[in-house]
Amino acid sequence: MADTKLPNPKKPRAPGAAQKVLHKLGLVRDIDLALHLPLRYEDETRITLLRNARDGDLVQIEATVTASEVTLRPRRQLLVQVDDGTGTCELRFFSFYPSHQKTLAVGARLRIRGEVKGGFWGRQMLHPTFRVAGGELPTALTPVYPTTAGLSQPYLRRAVAMGLQRADLSETLPPDVELPWTRNYGKNGIQRLSSLREALTFLHHPAPEVPLAALEDRSHPAWQRLKAEELLAQQLSQQQSRRVRDQLSAPMICPGARAGARVPGVAPLHEQLLIALPFALTAAQRRVGDEIALDLTRTRPMHRLLQGDVGSGKTVVSALAACLAMDAGWQCALMAPTEILAEQHFAKMIGWLEPLLAARGRRVAWLVGGQKKKERAAMLAMVQSGEAALVVGTHAVIQEQVQFKNLALAIIDEQHRFGVTQRLALRKKLAVQGMEPHMLMMSATPIPRTLAMSYYADLDVSVIDELPPGRTPIVTRLIADSRKDEVIERIATQVQAGRQVYWVCPLIEESEALDLSNATATHADLSDALPGTVVGLLHSRLPSAEKKAVMAEFSAGRMGVLVSTTVIEVGVDVPNASLMVIEHAERFGLSQLHQLRGRVGRGAAASACVLLYATNDSGRVGETAKERLRAMQETHDGFEIARRDLEIRGPGEFLGARQSGDALLRFADLATDTHLLEWARELAPMMLDRYPQHAERHVARWLGGKADYLKA
Ligand code: ADP
Ligand code: MG
């Protein structure tokens, strides 16, 4: 679509600059401008008589200047007296230009707009807007748009008006579709607003008698129409991408699929691993394993989300899936959000798989950001040649230079920590034309229903709803930080009994430096308080070799206490650790606490989690903070905890930083617009089948370049 050429403002300060700002706000196409909706409105449709103006009213008057002077005391200001025949008012300006003084000269008749202060005896307006009186009054409310420095309201208003006028707003909804937003308004109620143009024109310039409340809470049919259309675009895009994916081919992985890939006379890798494992799978693990295996026998790419509470044993399920692919001669990738977690996975995969793979002449490769050049080059060569059957690593796995020979299965651990672009990049790693790898995404953070219906509509979901047997439940205690000494004594007993302890320091968002000094100080304190115990320190700023060394000491049981920032939050697995202390627990989200707590209780020993909370001077923690933390004592169910978190913090948390930062829904609100979401979900497949061109235009209009983004 052509760029909007803006009308020349009367006094062009720097039109190029304003245009740049428009682009920065994402206002590029005519339709973008048409969809840039007002924040609020001003009523310039009537003139108020001064006699009727009350203290605090925002009014527009027409009056004649009777006096105008600049005074210097108490500070330099321009004072102007006006009279409209029913009363007088004083206008005050602390900043003004000679041109203002000229317009405000005695005898001038002006249209003035501002907030009236004071009563009958001395009305005043501070910095009102004004212009020469006369001219027609507008018939609609005046829109006030969200803007930013360098873009004035009048300029933006003209640009939006032009965009609205020129945008192609032809109908994209199929004929005869039922419009949910008209239900509440009856046949003869407020306008049906049966076209998008009508709805937008209305929202940009509503009639003055419209109840402002319906505009503010977005319940007005015009708003409903917009939100429904937006949700429909999102559903169309998701369902379309699902259809496209169904057309794509993916490697078909079933036993014997690639003749010669398997070593004759040797049991399948998958079976060998099951035998080698020191435990039997739970029923839930077996069930989801079957679901995944079935997907892998299909020729269309799997997009499956594997959900399971912290500690439910997702890793082994993914390893077994990888075995199926590797045994058929394909490659797999396992990507984790942090180096520590990737490291753990790597160690685990080596332990489980390396002996089995070695017999087949294949290996496990390792890719992270801070790797030594030589090691990295060797790994890249292994990946390219196909010698590496499995590649474990961080974001490094998806970089340009990483060329797979034949990637068939991409596993993403803690998928909510990754952005859409990263998932897209992984999908492009299967070089063979027209093919995509199967994707297995894992997460312990349950996705609420409305999100599953919208952003994740494209995913199949498997749930591990059972923990491995023999776990002793974690006892959670809330303790005021004034009793820290008792907690330290308890640590000493635990360490003497051969157990290990995590001590987690909170992330202080405003200052990473403060964060580190905090952890460092705690580390020093604990080292002093626990003579003879090895106390380690782990935080995100450590060089990766050092992180690795610290983690290795702790995993091997040579370190009694590990002081850490939240770098250990996800996935870390040291079964001998049986006590976790979380300092300033009130600063964490519930789901985050749940993840952290999941680091203990992984072995047979009775485990505990101590939530230390800071108290104020009167010895009390804030009521809401306490209420929240109590939930941690009451339940160990990750789904329940996520539900409570959602109530407190809203859906942004679940979408991951990248997605929520660039909110994909501008108008609709998943919490309140469920009925519109359901409408859109039902309509989308029908539209794709019967009105594909309508659907295509609708998505282009609403999503433009973002459509791709939604597909990951
Ligand atoms: P998560 O689902 O949180 O990623 P992990 O995969 O890290 O959990 O598994 C947690 C721990 O439980 C690991 O030590 C793992 O080896 C162990 N585990 C997994 N499945 C079983 C099982 N069926 N029986 C006993 N232990 C298991
Ligand atoms: Mg895990």
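**Note on the predicted model and its ligand site**

1. In this predicted model, the shell around ligand 1 is made up of five nonpolar, six polar and six charged residues, where Ala, Val, Leu, Ile, Met, Phe, Trp, Tyr, Cys and Pro count as nonpolar, Asp, Glu, Lys and Arg as charged, and the others, Gly among them, as polar. Of the 17 residues around the ligand, those that come nearest are Q285, G311, T315, R471 and D573; a residue is taken as near when one of its heavy atoms lies within 4 Å of the molecule or strand in question.

2. As to conventions, residues are numbered from 1 along each chain as its sequence is written, while chains are lettered from A and ligands numbered from 1 in the order in which they are written. Since this is a predicted model, local features need pLDDT of at least 70 and side-chain atom pairs count only at pLDDT 80 or more, whereas totals for chains, interfaces and linings use all residues, and side-chain values use heavy atoms, with hydrogens and water left out.

3. Which polar side-chain atom lies 2.6 Å from an oxygen atom of ligand 1? That atom belongs to T315. A nitrogen atom of ligand 1 is 2.8 Å from an N or O atom in the side chain of Q285, and a nitrogen atom of the ligand is also found 2.9 Å from a polar backbone atom of A280. The protein covers 89% of the 570 Å² of accessible area that ligand 1 has on its own, with areas taken from the Shrake-Rupley method with a 1.4 Å probe and, for residues, only the protein chains shown counting as cover. The term polar contact is used here for a pair of N or O atoms within 3.5 Å; within protein, one must be able to donate a hydrogen and the other to accept it, and residues adjacent in sequence count only if both atoms are side-chain atoms.

4. Helix 9 spans residues 283–296, and its 14 residues reach 20 Å from the first C-alpha to the last, close to the 20 Å expected at 1.5 Å a residue, the expected span being 1.5 Å times one less than the number of residues. Helices (H or I, at least four residues) and strands (E, at least two) are DSSP runs numbered from the N terminus. The buried residues of helix 9 are A284, Q285, V288, I292, D295 and L296, where buried means under 20% relative accessible area, exposed over 50%, and partly exposed in between (1.4 Å probe, protein chains only).

5. T297 lies in the loop between helix 9 and strand 9 (303–308) and is partly exposed at 33% relative accessibility. The side chain of T297 reaches the backbone oxygen of L294 at 2.6 Å, and the C-alpha atoms of T297 and M252 are separated by 5.3 Å although these residues are 45 apart along the chain.

6. Some backbone geometry deserves a careful look. Most residues other than glycine have a negative phi, and most peptide bonds are trans. R218, in the loop between helix 6 (212–216) and helix 7 (221–247), has a positive phi of about 60 degrees although it is not a glycine, and R218 is partly exposed at 28%. H584, in the loop between strand 20 (577–582) and helix 18 (590–597), has a positive phi of about 50 degrees and is buried at 18%. The peptide bond from R73 to P74 is cis, with omega near -5 degrees, and P74 sits in the loop between strand 2 (58–71) and strand 3 (77–83).

7. V144, in strand 8 (residues 142–144), is buried at 8% relative accessibility, and its C-alpha is 7.1 Å from that of E42, 102 residues away in sequence.
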